[in-house]
Amino acid sequence: MKVLVTGSNGFIGGHVCKYLLNQGVYVIGLDLHDEMRKECSEYIRFNLATDDMSKILDTISVDKIDAVVHLASDMRHEPYTVDVVTNNLRGTQKLLEYCIENKMSSFVQLSSLPVIGSPKEVPIKENHSIKPPTVYHVTKYTQELLADYSNYTFGLRTASFRICAPVGTGVNPKTIFPTFVRRALAGEDITLIGKGTRRQTYIHVNDIAQALYKALCNENAQGTYNLASYNNLSNKELAEIIIKQLGSSSKIEFLDTPDPMDDYNWEVCIDKIANDIGYKPEVGIEYAIDEYARYVRESE
């Protein structure tokens, strides 16, 4: 199978490419950088929003692409909203039309669970109400609609996956998970706001890659899916597990700052994806902690 992976140089993209390669997939990486930064079978520099899609096959060594995994995304906020809309939606629609014109078997992409706004019903299911909190999330939801349109109008098999909080080596160091791990390794106090009760579901990038691969291979994969794991933890629970797992001397300190999201619970129902493609999360939070701790130590 020959698969084009957009956003191949990114955090999730790099892990997905590596996973697909290990499954024997021929991976054509696509990104904006001049050079390949993550492992792929081959790589092309390409701007989905502005470049001519017909040129892709002219710049790679294979004469056919079987499927597309669309991970590239402009995640900026104000004042770049017009660019975000242009880049994300124009690029996605061009990719979909390219898949249709070249009779590809499938198109799978990542969306974002926060397109729902805030959790109103727990566990969160695919039919949860939608209220995107940013223009970026508006584009992610619209990408789902564009993919569905390409399916029911042109017969292209498409699947969109709403992911929650991804973790793994290379994750944005400013997010909660890597911040807590680094502080625990340094023996520094882990600070929490509010009551520390906000619950998040953390998913390892290998489980994201697993789901995307199964979607490529399984004709039952169609429509929008929640993609999550069983790692549903409050901020306080996450801090406690990290301290224990790493044998850290860190203490948990509560700041006198309210958390407006204290009551949020991002517990996710994954019954649909399990039933349709046999997805089952494999990476527990303890493994993710140990892996990221090794990554930090090796980076020092």
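**Helix contacts and their labels**

Mentor: Start with a pair of helices: T81, V84, V85, N88, L89, T92, Q93, L96 and I100 in α2 meet V135, Y136, T139, T142, Q143, L146, A147, S150 and F154 in α3. The contact of α2 with α3 comprises 10 nonpolar, 8 polar and no charged residues. This is a predicted model, in which local features need pLDDT of at least 70 and side-chain atom pairs count only at pLDDT 80 or more, while totals for chains, interfaces and linings use all residues. Residues are numbered from 1 along each chain as its sequence is written, and side-chain values use heavy atoms, with hydrogens and water left out.

Trainee: What makes two residues count as in contact, and what makes a residue nonpolar, polar or charged?

Mentor: Contact means heavy atoms within 4.5 Å. Ala, Val, Leu, Ile, Met, Phe, Trp, Tyr, Cys and Pro are nonpolar, Asp, Glu, Lys and Arg are charged, and the others, Gly among them, are polar.

Trainee: Why are α2 and α3 called roughly parallel to each other?

Mentor: The two helices pack at an angle of about 20 degrees, with their axes 10 Å apart. Axes are lines fitted to C-alpha atoms, for helices over the stretch in contact, and angles run from 0 to 180 degrees between N-to-C directions. Angles under 35 degrees count as roughly parallel, over 145 as roughly antiparallel, 65 to 115 as roughly perpendicular and the rest as oblique. The α2 and α3 pair is therefore roughly parallel.

Trainee: Is the crossing of α2 and α3 right-handed or left-handed?

Mentor: Right-handed. The rule is that the near helix is turned from the far one by less than a right angle, anticlockwise for left-handed and clockwise for right-handed.

Trainee: How do you know that the length of α2 agrees with its number of residues?

Mentor: The expected span of a helix is 1.5 Å times one less than its number of residues. For the 21 residues of α2 (residues 81-101) that is 30 Å, and the end C-alpha atoms are 30 Å apart, which agrees. Helices are DSSP runs of H or I with at least four residues, strands are runs of E with at least two, and both are numbered from the N terminus.

Trainee: Which residues of α2 are buried, and what covers them?

Mentor: V84, N88, L89, G91, T92, K94, L95, L96, Y98 and C99 are buried. Buried means under 20% relative accessible area, exposed over 50% and partly exposed in between, with a 1.4 Å probe and protein chains only. The cover over the buried residues of α2 includes β1 (2-6), β4 (67-70), β5 (106-112), α3 (135-154) and β6 (157-163).

Trainee: Why is K103 called exposed?

Mentor: The relative accessible area of K103 is 70%, so K103 is exposed. K103 lies in the loop between α2 and β5, and its phi is near 55 degrees, a positive value in a residue other than glycine.

Trainee: Why are α1 and α5 called oblique?

Mentor: Helix α1 (residues 11-22) and helix α5 (residues 205-217) pack at an angle of about 55 degrees, with axes 9 Å apart. That angle makes α1 oblique to α5. The contact has 11 nonpolar, 3 polar and no charged residues.

Trainee: What makes α5 mostly covered?

Mentor: Of its 13 residues, 10 are buried, among them V205, D207, I208 and L216.

Trainee: Is E286 buried or partly exposed?

Mentor: E286 has a relative accessible area of 37%, so E286 is partly exposed. E286 lies in helix α8 (residues 285-299). Leaving aside neighbours within four places in sequence, E286 is in contact with I241 and Q245.

Trainee: What is the angle between α6 and α8, and why is the pair given its label?

Mentor: The axes of helix α6 (residues 235-246) and α8 come within 10 Å and cross at roughly 60 degrees. That makes α6 oblique to α8. By class, their contact has 7 nonpolar, 1 polar and 2 charged residues.
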